[in-house]
Amino acid sequence: MIRAAVLGYPVAHSLSPKLHAFWLRKYGLAGSYTTKEVRPTALKDALDLLAEEGYAGCNLTAPLKELALPMMDALDESALTAGAVNTVVIRDGKKTGYNSDGFGFLESLKAQCPATLFSSIVILGAGGAARGIVAALRHKKPQRLTLVNRTQRKAEEIISGLSLTNASATGWQSLTTALAEATLLVNCTSLGMTGNPPLTLDLAPLPSSAAVCDIVYRPLVTPLLAAAGQRGNPAAEGLSMLLHQGRLGFRHWFGTDPAVTPELYTAIKEFAK
Ligand code: NAP
């Protein structure tokens, strides 16, 4: 039986076991996907044990994603550019690290906002998720990419690390100007997430044709998504990204590219509340 798992500390909140269990059932595959609580100091041993026990791989969640980078035998470009591993594939005892955030984001956008133009992009945030998403978006060759972050240095590091041209880093004070020209706005901060401070944003300058994405998925409809919906902007939800990013690991481990369907969305939505 093919086995995979999600490792994190803590890990009980992860939706990945529900997601993979749904797909294993749907495709009638005899596999398993379990959770393993792993402290950061025990990550290397835990990964080695998975390889010894013949696991096909695992997902990694906070705070293990960056720590795993030097523990891989090989890194896919997605993990290198994101600076973090969230999917590990084990073949013949060798571990390859991937990062599926960028893939999940683009697939979710394709599914939920298919008419999105990538000419002028505004990204809020410069943490781990922003890095993976910006790395994927650069292949869309935006004419203008603005990274807005409280800690401007982190936005500058993403730009220089990815050698981005046509990109600039700014603080929140310049947001109004950037929004006025945006064709795509993405919230990659943790603001607006249940238990965190709200994301306070006036969308008035944003063209109503611009796509709005919030990668936060608790709550499912964030105040940003609600505001975008009210003014008629096309919008993509964080849960959609989460479901799509899970496809990469499932495909590598279990050999099937699973579908993100309305039935899956409904099933997982219940657990995301
Ligand atoms: P992270 O690395 O901790 O980054 C957090 C970001 O939020 C940073 O840019 C940080 O700014 C900003 N931020 C936090 N508190 C702030 C405040 N009070 N005021 C202004 N900015 C603030 O986290 P991450 O891994 O990138 O994740 C970000 C969010 O995305 C989380 O809610 C996570 O659950 C979600 N996420 C969703 C998916 C999905 O599949 N849908 C995937 C990954 C992550 P500073 O740099 O200034 O600290």
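Predicted model: local features only at pLDDT ≥ 70, side-chain atom pairs only at ≥ 80, totals over all residues.
**Close-ups of the sheet and its cysteines**

**View 1. Cysteine 58 pairs with valine 88 of S5.** Residues are numbered from 1 along each chain as its sequence is written, and side-chain values use heavy atoms, leaving out hydrogens and water. S3 (residues 57-60) and S5 (residues 87-91) run antiparallel and are joined by three bridges. Strands here are DSSP E runs of at least two residues, helices H or I runs of at least four, both numbered from the N terminus.

**View 2. Helix H9 (residues 238-254) packs on the sheet.** H9 touches S1, S2, S3, S5 and S6 (94-98), contact being heavy atoms within 4.5 Å. Its direction makes about 10° with that of S5; axes are lines fitted to C-alpha atoms (for helices, over the stretch in contact), with angles from 0 to 180 degrees between N-to-C directions.

**View 3. Six strands make an open, mixed sheet.** The order is S2-S1-S3-S5-S6-S4, where pairing takes at least two DSSP bridges between two strands. S2 (31-37) and S4 (74-75) are the edges: each has a single partner strand, so one side of each lacks a neighbour in the sheet. Helix H1 (residues 16-26) lies across S1 (2-8), S2 and S3, at about 175° to S2.

**View 4. No disulfides, but some buried cysteines.** A disulfide would need two cysteine sulfurs within 2.5 Å, and the structure holds zero. Cysteine 213 is in none; its nearest cysteine sulfur, on cysteine 113, is 5.3 Å away. Cysteine 213 is buried at 2% relative accessibility, and cysteine 58 is buried at 0% relative accessible area. Buried means under 20% (1.4 Å probe, protein chains only).

Technical notes
Buried < 20%, exposed > 50% of the residue type's maximum accessible area, 1.4 Å probe, protein only.
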